[in-house]
Amino acid sequence: GVMEVINNVTMLTIILVGAAFIREREHGTIEHLLVMPLTPFEIMMAKIWANGLAVLCGVSFALLVMVERVLAVPIAGSLPLFLAAAACYLFAAASIGIFLGTLARSMPQFGLLVILSIIPLLMLSGGVSPRESMPEMVQNIMLAAPTTYFVRLAQGILYRGAGLDVVWRDLLAMTAVGAAFFTIALIRFRKAVTQTQV
């Protein structure tokens, strides 16, 4: 149950943010946003935190009600610490969603890109099978994905009761990878905005 919550955070965030970007471009509302005194950075942050907040509320409900009460699975660690880490991860996953949204030209293309992205993120990040059992090359490649760090710190917090003093390295690495994805997505978004204006 706990691992499903973690996996669904990835899936929902990427799909919601990317689909919102594609839909706005298809319906022409990007042009409406561009005539307002808003920068691409502000538009991206609004999309990330609006959808991220909805996912964060869903995660809180799933852990407190479904996992702890209905399934009676004890959570060993601090829920506020996990939610703070999840908020940082939502930033990274939403950046991936916007990046995929800038690559795709339509919803069907976006759907195909999501499948190609989410399956490796979920299968190779350590949530489905231990990273130690994977080839070393795959382990090294997956260090470029924020999901790897999120799964590791989430398991540490929720299963073993790890505190910030234990998970801060994973939290810092996840935030750094998320910032890199955000920068790439912002560059792509600015390029898409320039093409729309032309």
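In this predicted model, the side chains of arginine 152 and aspartate 170 meet in a salt bridge, with 2.9 Å from N to O. Arginine 152 belongs to helix H7 (residues 146–160) and aspartate 170 to helix H8 (residues 164–197), so the pair ties together parts that lie 18 residues apart in sequence. The structure holds one salt bridge, and this pair forms it.

Arginine 152 has a relative accessible area of 35% and is partly exposed. Aspartate 170 has 13% relative accessibility and therefore counts as buried, because buried means under 20%.

Next comes the largest pocket. About 160 Å³ of space lies in this pocket. Its lining includes Ile96, Phe99 and Leu100, along with Ser117 and Leu121. Ile141, Met142, Ala144, Ala145 and Phe181 also line the pocket. Helix H4 (79–103) and helix H5 (107–124) each supply at least two of the lining residues. The largest share, three residues, comes from H4. Sorted by class, the lining has nine nonpolar residues, one polar residue and no charged residues.

Phe61, Met66, Val70, Leu71 and Val73 make a nonpolar surface patch of about 450 Å². One of these residues, valine 73, is found in the loop between helix H3 (40–70) and H4. Valine 73 has 32% relative accessibility, so this residue counts as partly exposed. A residue needs over 30% relative accessible area to be part of a patch, and valine 73, at 32%, is above that cut-off.

How values were computed: Residues are numbered from 1 along each chain as its sequence is written. This is a predicted model: local features need pLDDT of at least 70, side-chain atom pairs count only at pLDDT 80 or more; totals for chains, interfaces and linings use all residues. Side-chain values use heavy atoms; hydrogens and water are left out. On a 1 Å grid over the protein atoms alone, a cavity is a set of points where a 1.4 Å probe fits but cannot get out, and a pocket is an open set with protein on both sides within 12 Å along at least five of seven lines; lining residues have an atom within 4 Å of a point. Grid points are joined across faces, edges and corners, and a volume is the space filled by probe spheres set on the points. Helices (H or I, at least four residues) and strands (E, at least two) are DSSP runs, numbered from the N terminus. Ala, Val, Leu, Ile, Met, Phe, Trp, Tyr, Cys and Pro count as nonpolar, Asp, Glu, Lys and Arg as charged, and the others, Gly among them, as polar. Patches are made of residues with over 30% relative accessible area and no salt bridge: like charges are joined within 9 Å, nonpolar side chains (Val, Leu, Ile, Met, Phe, Trp, Tyr) within 5 Å. Accessible areas come from the Shrake-Rupley method with a 1.4 Å probe; for residues, only the protein chains shown count as cover. A salt bridge is a side-chain nitrogen of Lys or Arg within 4 Å of a carboxyl oxygen of Asp or Glu. Buried means under 20% relative accessible area, exposed over 50%, partly exposed in between (1.4 Å probe, protein chains only).
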